[in-house]
Amino acid sequence: MHLAFNEDQATFATVLAQMLGDEAETGFHPVADWGRFDYGTLLDARLEEAGFYDAAAEPDLGTLSAAAMVYEVAQVPVTVECAASALLRPFLGDDVPRPLAVVVDDAPGGVRFLPQAKALLSITDGAVRLAHLDGQAREVASLFAYPMGEVARDTLDWQTLDVDPATIRTLWQIALAAELSGVLAGGLASVLAHVRERTQFGQALGSFQGVQHRLATDAVWLEGARLLMLKAASSRAPQDASLALAHVQNHATRIGYDLHQFMGAMGLTLEHPLHRWTYRARALRAEMGGAPMAFLDYAEARWRAA
Amino acid sequence: MDFTWTEENEAFRARVRDFLDRELPTNWDDIARHGPGSHEQTEFSLEFCPKLAEAGLLVPHWPAQWGGADRPTWEHFIMGEEMWAVGEPRGGQYMNVNWIGPVLMRYGSDAQKAQYLPDMAAGRAIWCQGFSEPGAGSDLASLRTKAIRDGDDYFINGQKIWTSYAGMADTCFLLARTGGADQGRSAIAIFLVPMDTPGIEVRAIPSLIGHGDIHEVFFTDVRVPASCRLGEEGEGWTIISYALANERVGIPRYEMSSQVLDVMVGELKARGAFGNSIVRAKAAEAAAACEAARLLVYRVVDERARGLPPGTAANLARVAVVEADHAVTDFGMDFLPDCFSGDGHLGLLAHHERAIVTGIAAGAAEIQLNLVARRHLDLPKGA
């Protein structure tokens, strides 16, 4: 048991933090025409050029660093397709393009990142299939702070990949847990900055115990979620992955409510970045069936033979 | 970052389990039914802990000078997990191992170390902690029990409450005020008071958390020599802060909760009730609370093992441990209510009595939330 990054992982995290600290590329910029998301094209290109999306395949970095990266990238207001590229693509074989959109169990409706994606990945119990995209997808309006798209899936040229569907499903649970934990952590940081500064009744909002206890409880849940996610990324065990995803999805609703509550009316505007986190969280908390399905996955793994 | 146990850790855990399999009697569930502070379990600890000490398993993390073996911090925690998982057969002596002994090593005089540490290391000492008072619970610094210097002695007068293990304790780790209330924390000192000193009266308080677990302790003109004082006058708060930093995650409660959850699931399966997806999902939700708490506690231990100064990890962990305990006992109450009546189920009853006190004992969870807010989230202090 040793809960600190190794030297390579620490260096990786430091360089990533420097890149994410570039406000011009990663900071909040309102989007015209009531836009809900801001795709970080420059950040995405820099991450790709620097090889960050390949970390999972590096023995000294591995899926742990890849998941930690997804967690960190999710905390900035701009959105990039990071989770699938960092945690799935290195295990899908050669010539898999990115950005990558993912659909699980052929879930209906819009798919995150589909407008940007060069390929759509389909994960079912029986197979993992890939379809290259070349302009077939169309962007659809959405409440979520992601580019959402649709495509006539039955018209695509699907190729079955020579990978284990269960392994890819587990990796996707870890990726979603990392992204959701990071998105909520980014939102929490934004709200903390607000309640430290905003005064009412002559004192900072964040000095009221009613506010403190709820945000502190959120922080406990999130830190637990982050550690469960890192453990799952380290072990890649299905039981760990489903638990990590279930735990963060389970608490996401309450945390999201608290974040909006304490940001007040300002948090309901598109001029403020809060929605960039909370409306990514709303999409992620329902992925793969949401917390109830992830809890059932975990129960099956832990107690099936008990 | 490595979330797995070393072979050495696993071997140590196996050794502890072997010891427990060998030494716990067949009626252990009956003994453990009423909690670590009960008369039965305290008596048992006086048979069990000397055997543990003889096997080198009571204080392996202590320095060799004081009966330990300088073993790694992680082994101390593995020991705690295994002991709590079966209901803590060390009884109140877990406190000696976790924090009273280490506090004495750090702040005690040579005479105090020589007087107390050998008995602790041998498993023969029962201590109680004289902290809370009727008017000083979470606000511990407002305590009013007074220790007035009189030549080479102190006269102690006052009352402690919610004192676990006091009914059979040899010694009290007592907080008392040596100056006025206006001097706040700077006038608090610690005294190591033999419980057979004239003027001490102990009364058990019937409670929901086990027979003979909590007490009132009255101090009426109790005279103790100044050599009973631990550290200097005014140093008490510093010492107690060090002690509480150990106590906050001192009990690995998630381990018993996790194992009791397995027992509950086994019972539900036997009844054919675990096929219900709501039951399965709720069981997993309780498990998630346990595993999150486990990792938050492990982070505290990891920081200690790496020699890092105490941060806020213990405050976060303590809140999570409370949630885990409650999640598991609530799951049992929801789906196995009959186990809490009649003959019931000893394991579930024992866990419930331990779980309902989690958010109160060793500092209210709300105090931990205050600390998380201010120290971890950097939120301003209220007016």
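The radius of gyration is taken here over C-alpha atoms, and the rule for a globule is 2.2 Å times the number of residues to the power 0.38. In this predicted model, chain B has 383 residues, so a compact globule would have a radius of gyration near 21 Å, and the value for chain B, 21 Å, agrees. Along the principal axes, the C-alpha atoms of chain B occupy a box of roughly 70 × 55 × 50 Å.

Chain B is built with twelve helices and eight strands. Buried positions make up 51% of its 383 residues. Of the contacts in chain B between residues at least 6 apart in sequence, 74% link residues at least 24 apart.

Helix 8 of chain B (residues 253-270) packs against helix 11 of chain B (residues 346-355) at an angle of about 145°, and the two axes are 10 Å apart. The crossing of these two helices is left-handed. Helix 8 of chain B brings Met256(B), Ser257(B), Val260(B), Val263(B) and Met264(B) to the contact, while helix 11 of chain B brings Gly347(B), Leu348(B), His351(B), Arg354(B) and Ala355(B). By class, six nonpolar, three polar and one charged residues make up this contact.

Turning to the two chains together, 43 residues of chain A are in contact with 40 residues of chain B. On the side of chain A that touches chain B, the elements giving two or more residues are helix 6 (165-197), strand 9 (203-204), helix 7 (209-235), helix 8 (238-263) and helix 10 (290-303) of chain A. Helix 7 of chain A supplies the largest share, 16 residues. This side of chain A has 25 nonpolar, 14 polar and four charged residues.

Key
Residues numbered from 1 in each chain as written. Chains lettered and ligands numbered in written order. Predicted model: local features only at pLDDT ≥ 70, side-chain atom pairs only at ≥ 80, totals over all residues. Helix = DSSP H or I, 4+ residues; strand = E, 2+ residues; numbered from the N terminus. Buried ≥ 20, exposed ≤ 12 C-beta atoms within 10 Å, placed from the backbone. Contact = placed C-beta atoms within 7 Å. Axes fitted to C-alpha atoms, helices over the stretch in contact; angles between N-to-C directions. Left-handed = near helix turned anticlockwise from the far one by under 90°. Nonpolar A, V, L, I, M, F, W, Y, C, P; charged D, E, K, R; others polar.
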